Amino acid sequence: MMVFGLTALQAGAAPAAEDGDWRQGRAVFARCASCHSFTEGQHRFGPSLHGVFDRKAGTIPGYPYSEGMQAKGAAGLVWTAETMDLFLTKPGEFIPKTKMNYPGLPDAQDRANVIAYVKRRAAK
């Protein structure tokens, strides 16, 4: 499996998800909740985040992923704290043609917090 963008992440020295506070991440995730759920199979505009970590991007059966997300998944992108951090920074730059119409979370600590929250909630 390939993981994209680790060099960029290491160079940026963003806080790791382990450094995130899931309680604060819950408040940050409120921005995401209208498009994503944690319930398996319950998709909204965005796919369910149930079991997202360690899953290849763009691979939930039955969800209509964008061309860009399908291409990244086919190229081996796997969701980890690091790849999620890169995506959440600027989704449209990390995955061109994504349908995630969100400008991104510029604050590294907010990203670490929301990733910690997603990790806690998305467990299988």
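Predicted model: local features only at pLDDT ≥ 70, side-chain atom pairs only at ≥ 80, totals over all residues.
How many nonpolar, polar and charged residues are in the lining of the largest pocket?

Residues are numbered from 1 along each chain as its sequence is written, and side-chain values use heavy atoms, with hydrogens and water left out.

**View 1. The largest pocket and its lining.** The lining has 19 nonpolar, seven polar and four charged residues; Ala, Val, Leu, Ile, Met, Phe, Trp, Tyr, Cys and Pro count as nonpolar, Asp, Glu, Lys and Arg as charged, and the others, Gly among them, as polar. A pocket is an open set of points on a 1 Å grid over the protein atoms alone, where a 1.4 Å probe fits, with protein on both sides within 12 Å along at least five of seven lines; lining residues have an atom within 4 Å of a point. Of the 30 lining residues, His 36, Pro 47, Leu 49, Phe 87 and Met 100 lie nearest the centre.

**View 2. Asp 54 in the loop between helix H2 (22–29) and helix H3 (67–74).** Helices are DSSP runs (H or I, at least four residues), numbered from the N terminus. Asp 54 is not a glycine, yet has a positive phi of about 70°. Asp 54 counts as exposed because its relative accessibility is 62%, exposed being over 50% relative accessible area (1.4 Å probe, protein chains only).

**View 3. Lys 97 in the loop between helix H5 (91–94) and H6.** Lys 97, also not a glycine, has a positive phi of about 70°. With 61% relative accessibility, Lys 97 counts as exposed.

Conventions
Helix = DSSP H or I, 4+ residues; strand = E, 2+ residues; numbered from the N terminus. Buried < 20%, exposed > 50% of the residue type's maximum accessible area, 1.4 Å probe, protein only.
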